[in-house]
Amino acid sequence: MKGSGETGLSLLVDIEKSLGAFRLRVRFEAGDEVLALLGASGCGKSMTLKCIAGIEKPDRGRIVLDGEALFDSDKKINLPPRKRGTGYLFQNYALFPNMTVEENIASGISLRGSQRAKTVSEKIKAFYLNGLEKRYPPQLSGGQQQRVALARILASNPRILMLDEPFSALDSYLKWQLEMEMADALERFGGTTLFVSHNRDEVYRLCDKIAVLSEGEIDALCGKWELFKNPKTLAGCLLTGCKNISQAIKVSDYQVLAREWGITFETSGKVPENVRYVGVRAHYFKPCEGPHVPNSFECRVLRVIEDPFSMVVVVANKNNADAGSASGIRWELPKEQWHRLKDKPLVLRVSSNDILLMAG
């Protein structure tokens, strides 16, 4: 993937659209990179793509691609989808069921004659579709259909590529295979790609930057490393998979109280005035010798859950008598380590560098 320092501005989106009680209000810019739109179902991810593609019309705002206005409410500009140069991969792939593989790919190509046939042949080879040229979509697996749909899009030489939950209909084994193929395809494309997902792992592996959408608005926009290392908002923290979040109260410049856990943590950075939540990832906790170590607490074990390759131990602060499983702290560790510790008094600690501080 390209680093953010190598990108120039290619896409500007600044739009609003109301659908009943739901209101979409998004503003972001993207260069020649893979930008994820990450959020829960119903937050406006797919609607944003449809507005860029021209399938939906915003109520107001503008969309500019490579310096050309695709939509501008003030200037009364609203280009039809066919003139926008957008390549949109739908969740259901939207292949023509009455066309063969090679006919589907050819349908997106404006060239004619030998040049068209050459482009089709190149895409069939690039997406490992050899031998499937004469088959129809119902005769293909889900993975093969996805490859045909992506080949058709890229054959049209789009100015921007938009992928809407491209792996949502696939089983885990096939998803992993196609993810690797998708990474290669995005690298070859090299332009601006918008990648819609609610899966944090695939977003982290495939994308350069992440825009977190929450209730129709962008909650955070930053590099993927920054978001996962130090999410600034509750929505961003939840979407990165943090399992332990408590309401927080600022105690001092470098101390914060996790209310539900009854633990005061020392922090490496200054606690902001608007802190509302504190989080700790489940694998950040480490066992230690005694409760006098900074950021340590004696534990009561509430529940032990065995995963295929690890253990999940739900604990509570021993001094927090009212804590139950619902407000427990999730700790994930290797099975072998738990077997060595399970019959001993348990004290856990967390580094001050691993305390996540969030606004509401």
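1. Phe228 is buried in this predicted model, because its relative accessibility is 14% and the cut-off for burial is under 20%. Tyr204, by contrast, has a relative accessibility of 32% and therefore counts as partly exposed.

2. The centres of Tyr204 and Phe228 are 4.8 Å apart and their planes stand at 70 degrees, so the pair is edge-to-face. Since Tyr204 belongs to helix H6 (residues 200-206) and Phe228 to helix H7 (residues 224-229), the pair ties together parts that are 24 residues apart in sequence.

3. A further edge-to-face pair is made by Trp331 and Trp338, whose ring centres lie 6.3 Å apart with planes at 85 degrees; both of these tryptophans are buried.

4. Two charged side chains deserve a look alongside the rings. The charged end of Lys224 sits over the ring of Tyr204, at 5.1 Å from its centre, and Tyr204 is also the residue whose ring pairs with that of Phe228. Elsewhere, Arg188 lies over the face of Phe127, with 5.6 Å to the ring centre.

5. How many of the residues of strand S3 are buried? Five of the five residues in S3 (residues 34-38) are buried, so that the strand is mostly covered by the definition used. Val34, Ala36 and Leu38 point one way from S3, while Leu35 and Leu37 point the other way.

6. Strand S3 has two parallel partners to inspect: five bridges join S3 to strand S9 (residues 192-197), and four bridges pair S3 with strand S10 (residues 209-214).

7. Helix H4 (residues 142-155) has 14 residues and reaches 20 Å from its first C-alpha to its last, which is close to the 20 Å expected at 1.5 Å a residue. Just after H4, Asn157 takes a positive phi of about 55 degrees.

8. H4 is mostly covered, with twelve of its 14 residues buried; among them are Gln144, Gln146, Arg147 and Arg152, as well as Val148, Leu150, Ile153 and Leu154. What do the buried residues of H4 pack against? They pack against strand S7 (86-89), helix H2 (101-106), helix H3 (113-126), strand S8 (160-164) and helix H5 (172-189).

Terms used. Residues are numbered from 1 along each chain as its sequence is written. This is a predicted model: local features need pLDDT of at least 70, side-chain atom pairs count only at pLDDT 80 or more; totals for chains, interfaces and linings use all residues. Side-chain values use heavy atoms; hydrogens and water are left out. Rings of Phe, Tyr and Trp (its six-membered ring) pair if their centres lie within 6.5 Å; planes under 30 degrees apart count as stacked, over 60 as edge-to-face and the rest as tilted. Buried means under 20% relative accessible area, exposed over 50%, partly exposed in between (1.4 Å probe, protein chains only). A charge sits over a ring if NZ of Lys or CZ of Arg is within 6 Å of the ring centre and within 35 degrees of the ring normal. Two strands pair if DSSP finds at least two bridges between them. The expected span of a helix is 1.5 Å times one less than its number of residues. Contact means heavy atoms within 4.5 Å.
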